[in-house]
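Here's a quick briefing to read alongside the sequence and the 3D view.

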Amino acid sequence: MARILKELVKRCDGKASLTPRHVIVVRVASFAFRFETVERLRECIKYYEKKTRPSSRIAAKTLAADLGEDWRELRGWDVERWFERLPMYLLEEPKRQKVLKALSTALALAKTGKL
């Protein structure tokens, strides 16, 4: 059973803020997903909808378009994208379906404002 909630983010420097920030937290399959925006949640749902994993290679033209012409200096080769840091057990079919169901429920709750 997944737990879906909205948590208030505290600032790291300990100072008070007039604009509170919240994150959406989805706990499923012994893992906690944290999303700052609904767009990130949608991106994760798109990733888990695919049974076949995308390639980890990024075309040089894509990097140049995203980071500029000097992308080789800006991006080290040891940098991982968000989906490359996920635990591999979440990609097993039964757990992938549980994660997808929990993320879809969180998106529906966020859209209706019940979260």
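In this predicted model, ring pairs connect F31, F33, F35, Y47, Y48, W82 and F83 into a cluster. The count of aromatic pairs comes to 7.

**Aromatic pairs**

- A pair of aromatic rings is described by how far apart the centres are and by the angle of the planes.
- Take Y47 and W82: their ring centres sit 5.5 Å apart with the planes at 70 degrees, which is over the 60-degree cut-off, so this pair is edge-to-face.
- Y47 belongs to helix α1, while W82 is in the loop between α3 (71–74) and α4, so the pair ties together parts that are 35 residues apart in sequence.
- W82 also pairs with F83, again edge-to-face, at 5.6 Å centre to centre and with 90 degrees between the planes.

- Y47 has 7% relative accessibility, under the 20% cut-off, so Y47 counts as buried.
- F83 is buried too, because its relative accessible area of 17% falls under that 20% limit.
- W82 comes in at 26% relative accessibility, between the 20% and 50% limits, so W82 counts as partly exposed.

**The sheet**

- Strands of a sheet pair through backbone hydrogen bonds, in either a parallel or an antiparallel way.
- Here there's an open sheet of 3 strands, in the order β1-β2-β3, and the pairing is antiparallel.
- Which strands are at the edges? They're β1 (3–9) and β3 (31–35), each pairing on one side only.
- From one strand to the next, the twist averages 30 degrees.
- β1 and β2 (residues 21–28) run antiparallel and are joined by 7 bridges.

- Helix α4 (residues 93–112) lies across β1, β2 and β3. Relative to β2, helix α4 runs at about 150 degrees.

Technical notes. Residues are numbered from 1 along each chain as its sequence is written. This is a predicted model: local features need pLDDT of at least 70, side-chain atom pairs count only at pLDDT 80 or more; totals for chains, interfaces and linings use all residues. Side-chain values use heavy atoms; hydrogens and water are left out. Two strands pair if DSSP finds at least two bridges between them. Helices (H or I, at least four residues) and strands (E, at least two) are DSSP runs, numbered from the N terminus. Axes are lines fitted to C-alpha atoms, for helices over the stretch in contact, and angles run from 0 to 180 degrees between N-to-C directions. Contact means heavy atoms within 4.5 Å. Rings of Phe, Tyr and Trp (its six-membered ring) pair if their centres lie within 6.5 Å; planes under 30 degrees apart count as stacked, over 60 as edge-to-face and the rest as tilted. Buried means under 20% relative accessible area, exposed over 50%, partly exposed in between (1.4 Å probe, protein chains only).
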